[in-house]
Structure formats: structure tokens, C-alpha cells
Amino acid sequence: GVLEDLGYVRAFSILPKGRALARIYGEGDVLVAEALAERLLEDVSPSEAAALVSAIVYESRERVPREGQMPTAATTERYARLGAIYHRIRRAEDDHHVELCRELEAGFAAPVHRWAEGEPLDDVLRETGMAPGDFVRNCKQLLDLLRQIAEVAPESAAAVAGQAAAAVNRGV
């Protein structure tokens with residue numbers, strides 16, 4: 001019902017949006033597909049794309065989630081649009097009594113943006129207080145999603161997702 005409401009399927013037929021969704025795996029799959037349909041990853045830098053996508057996969061391990069802000073004006077604006085998409089999905093889920101999409105969390109956006117911009121790991125960790133293992137775990141989850149996006153997104157978004165993955169996937 002949720003997929004029908006959002007235009008992914010109709011009467012047991014997969015619509016064009018559904019074909020892209022079928023190639024995205026993870027909790028935020030519908031959110032990612034909607035963000036791609038609304039072109040949220042176009043006209044941003046690779047480090048901004050990494051920051052924005054991190055809000056979909058990041059989940060704080062702390063009891064009180066770390067407050068996070070988007071690192072640039074472009075990511076702040078896109079994050080607000082992503083939040084509106086999230087709320088639209090949640091309304092469809094509520095209508096069908098399911099909860100599949102978890103909330104956005106910006107707590108990793110600024111650190112991964114600095115990392116993707118080339119800052120040394122020690123500096124990024126010192127500023128955030130994040131444990132190295134948590135940083136690496138979050139980067140791996142982010143890389144997985146960025147690579148999936150690079151495979152299914154329209155050309156310009158695919159390029160920036162691939163560049164974001166390369167910027168995040170660098171040695172310490």
C-alpha cells in the first residue's frame with residue numbers, strides 16, 4: 001500500500017520509480033529513491049553529498065543522539081527537503097500501519113564532510129569525540145549506500161555519489 005501511494009507499483013506492476021527502488025537495499029531505500037527522484041544529490045559537491053546521505057544511514061550509538069548540523073548552506077537546504085520527504089513517507093506508512101523508514105539523523109554529517117574534504121582523521125575525531133571504530137563503522141555504512149546510489153541514480157547524481165564514495169574511502 002505504501003509503495004502504491006508513493007508511485008512505485010500499481011496493480012502488481014512495477015512503475016519506473018519502482019525499478020530504481022528494487023536496486024537499493026537498506027532501511028532508507030524508499031527515502032533514497034524519493035530523494036533521487038527529487039534530484040537532491042545534483043549540484044552539490046562530493047563532500048556535501050556524503051554529508052547529506054550520512055543522515056539516512058547514521059544511527060547514534062549513544063543514549064542521547066549527538067546533535068548534528070549540516071555543514072553548508074546547500075546541505076542545510078537539501079536536508080530540510082529530505083526531512084519533508086521523510087515526513088511524506090511516514091504519513092503513507094502511518095496510513096498503512098507500518099513503520100519502515102527510520103528518522104533522519106544529522107550527527108555524522110559534519111564529521112564526514114570534513115573527512116571527505118581531506119582533513120586528517122585525528123582532527124576529525126578530536127573535534128567530534130567519536131571513537132575511531134564508530135567513525136569507521138559509519139563510513140562503511142555510508143560507502144555502501146553511496147555505491148548503491150552511484151549504480152541507480154541519474155547520471156549527474158551517480159557521478160557525485162561515486163566521487164563522494166571515493167572521498168570517504170581514503171586511507172588514514
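Residues are numbered from 1 along each chain as its sequence is written, and side-chain values rest on heavy atoms, with hydrogens and water left out. Because the model is predicted, local features need pLDDT of at least 70 and side-chain atom pairs count only at pLDDT 80 or more, while totals for chains, interfaces and linings use all residues.

"Buried" here stands for under 20% relative accessible area, "exposed" for over 50%, and "partly exposed" for what falls in between, using a 1.4 Å probe and protein chains only. Helices (H or I, at least four residues) and strands (E, at least two) are DSSP runs, numbered from the N terminus. As for Leu 31, its contacts (heavy atoms within 4.5 Å), leaving aside neighbours within four places in sequence, are Ile 56, Leu 82, Ile 85, Tyr 86, Ile 89, Cys 101 and Leu 104.

Next comes α4, a helix of 12 residues that reaches 17 Å from its first C-alpha to its last, close to the 16 Å expected at 1.5 Å a residue. That expected span is 1.5 Å times one less than the number of residues in the helix. Since 11 of its 12 residues are buried, α4 is largely enclosed by the rest of the structure. The buried residues run through Ser 47, Glu 48, Ala 49, Ala 50, Ala 51, Leu 52, Val 53, Ser 54, Ala 55, Ile 56 and Val 57. Their cover includes α3, α5, α6, α8 and α9.

Helix α9 has 14 residues and spans 20 Å between its first and last C-alpha, close to the expected 20 Å. Its buried residues are Ala 157, Ala 158, Val 160, Ala 161, Ala 164, Ala 165, Ala 167 and Val 168, and these pack against α3, α4, α6 and α8.

How do α4 and α9 sit against each other? Their angle is about 85°, with the axes 8 Å apart, and the two helices are therefore roughly perpendicular. Axes are lines fitted to C-alpha atoms, for helices over the stretch in contact, and angles run from 0 to 180 degrees between N-to-C directions. Angles under 35 degrees count as roughly parallel, over 145 as roughly antiparallel, 65 to 115 as roughly perpendicular, and the rest as oblique. On the α4 side the contact uses Pro 46, Ala 49 and Ala 50, and on the α9 side Val 160, Gln 163, Ala 164 and Val 168. By class, that contact has 6 nonpolar, 1 polar and no charged residues. (Ala, Val, Leu, Ile, Met, Phe, Trp, Tyr, Cys and Pro count as nonpolar, Asp, Glu, Lys and Arg as charged, and the others, Gly among them, as polar.)

Helices α6 and α8 pack at about 80°, with their axes 12 Å apart, so they too are roughly perpendicular to each other. Here Pro 111, Val 112 and Trp 115 of α6 meet Phe 135, Cys 139 and Leu 142 of α8. The contact divides into 6 nonpolar, no polar and no charged residues.

Thr 72 is in the loop between α4 and α5. Thr 75, in helix α5, is buried at 1% relative accessible area and touches Glu 48, Ala 51, Leu 52 and Met 70, not counting residues up to four places away in sequence. Glu 151 in α8, by contrast, is exposed at 58%.

Most residues other than glycine have a negative phi. Ala 11, in the loop between β1 (9-10) and β2 (13-14), has a positive phi near 50° and is exposed at 56%. His 97, in the loop between α5 and α6, has a positive phi of about 60° and is exposed at 74%.
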